[in-house]
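I set out to record the domains, pockets and cavities of this protein. My entries follow the order in which I looked things up.

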Amino acid sequence: MTARPERFASLDMFRGATIFLMIVVNTAGAGGAFSQLQHAPWIGFTLADLIYPSFLFAVGNAMSFALTRPMPEHVFLRRVFKRAALIFLLGVLMYWFPFVAHQADGSWVAKPFADTRLTGVLQRIALCYLLGALLARYLRPSHLLMVAIGLVVAHWAILVGLSPAGEAFGRYRNAGTLFDLWLIGPEHLYKKDHGFDPEGLLGTLPATANVIAGYLTGLAIQRWGKHGATVGKLAAIGAALVVVALLFAPVLPIGKKLWTGTFVALTVGLDLILLGATLWLVEVRGVTLGRSFLQMLGRNPLAIYLFSELLVVVLELVHVDGVGLYTWVGLNGFQPIAPGPVGSLLCALAYTLICCAFGWVLDRKGIILKV
């Protein structure tokens, strides 16, 4: 029998930290978040921009353990397609929730599916997972690396070659936006940006490179082992990718919303450095502070993320003094204590800890949401 690959605590902690920060960024309280906890408006980069690609990187890490187990072809295909479909469906239902809308006259009406967003965070994760898993199953690691580079280059070529003149890196008329509008239609896209969707279909190509990078990193760590030399290799490769991103930035701008190739290189590079630092602290130095907490979050990331997104929607349905309850708590509970961004962050941290408590209860009961 093939031995089951040894799990690394640092990889699970990395995923848990990503979930924690994702909730903090997504649920900023009233008062205006710090600039680094907000996504760059268009071209540019902030700490908040690192979180989503880091989760995709963590998805690839997990695949490096799951896909090394012997599995018949039909079982593999059934599981991968089923999991991708369920994650995609959960994403659609999350945006459709709470399935009713509050009218100005105080009445409630059914929220039509025709106005529900079909793209989104979970949907992109589903598509990237599906494509990444299929590629990892049938290609050697060296070929996977070439495919990842090819996906990034193909995305660049499509933007430059198929967008109207001067619109390759624009918001509303680049090739990806035009494709989304043609195939999906504006009624099923992100509503807050006038037709541009930051999780559009074209961006799935370079985003899959983040998953592949996480998968290859997981394989490399399993092969290299828990050593200082492994940390050094991760840091060196990560630093090289950051330099590459900065060198190419003048011709291929760094931007999360377009998910450009330089954004992929920068985020993978930073993830390698951060994962290397975590590996050094946890696996090499044996630091245990925060280990059980982050591992708990990393064991149930989907359930905790869904809970965080749905609960805040429910809270905002309850109006107090003309605003949603979550907004009201931020205005009246945290802003008087710490006005501005500090109060906004404290509100987000308090909410995130509530979501963590939900994850802790699930963990204590042995409940793991798997799809």
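**Entry 1: Domains.** I note at the outset that the model is predicted. I looked up the domain division and found domain 1 (15-38 + 287-370) and domain 2 (44-282). Their C-alpha centres lie 23 Å apart. Domain 1 brings 21 residues to the contact, and domain 2 brings 18 residues. I then looked up the area buried between domain 1 and domain 2, which is about 1800 Å². Carbon and sulfur atoms give 79% of that area. My search for salt bridges between domain 1 and domain 2 returned a count of 0.

**Entry 2: Largest pocket.** I recorded a volume of about 1500 Å³ for the largest pocket. Its lining has 38 residues, and Tyr95, Arg117, Tyr190, Lys192 and Glu309 lie nearest the centre. Which helix gives the most to this lining? I found that α11 does, with 7 residues. The helices that each supply at least two residues here are α1 (9-26), α2 (47-66), α3 (73-96) and α11 (301-317). By class I noted 22 nonpolar, 5 polar and 11 charged residues. Domain 1 and domain 2 each provide at least three residues of the lining of the largest pocket.

**Entry 3: Second largest pocket.** The volume I noted for the second largest pocket is about 1200 Å³. Of its 37 lining residues, Arg15, Ala62, Ala66, Arg83 and Lys370 lie nearest the centre. Among the helices that supply at least two residues each, I listed α4 (121-138) and α10 (291-299). The lining divides into 24 nonpolar, 3 polar and 10 charged residues. I found at least three residues from each of domain 1 and domain 2 in this lining as well.

**Entry 4: Largest cavity.** I counted 3 cavities of 30 Å³ or more. The largest cavity has a volume of about 110 Å³. It is lined by 17 residues, with Gly176, Asp197, Gly203, Lys257 and Leu258 nearest its centre. Two or more lining residues come from each of α5 (141-162) and α6 (175-183), and α6 gives the largest share, 3 residues. I recorded 7 nonpolar, 6 polar and 4 charged residues in this lining.

**Entry 5: Second largest cavity.** I noted a volume of about 50 Å³ for the second largest cavity. Its lining includes Val24, Phe34, Leu37, Pro341 and Ser344. Helix α13 (residues 341-364) contributes the largest share, 4 residues. By class, this lining has 8 nonpolar residues, 1 polar residue and no charged residue.

Technical notes:
Residues are numbered from 1 along each chain as its sequence is written. This is a predicted model: local features need pLDDT of at least 70, side-chain atom pairs count only at pLDDT 80 or more; totals for chains, interfaces and linings use all residues. Side-chain values use heavy atoms; hydrogens and water are left out. On a 1 Å grid over the protein atoms alone, a cavity is a set of points where a 1.4 Å probe fits but cannot get out, and a pocket is an open set with protein on both sides within 12 Å along at least five of seven lines; lining residues have an atom within 4 Å of a point. Grid points are joined across faces, edges and corners, and a volume is the space filled by probe spheres set on the points. Ala, Val, Leu, Ile, Met, Phe, Trp, Tyr, Cys and Pro count as nonpolar, Asp, Glu, Lys and Arg as charged, and the others, Gly among them, as polar. Domain bounds come from an automatic or database domain assignment. Contact means heavy atoms within 4.5 Å. Buried area is the accessible area (1.4 Å probe) that two parts lose on being put together, summed over both. A salt bridge is a side-chain nitrogen of Lys or Arg within 4 Å of a carboxyl oxygen of Asp or Glu.
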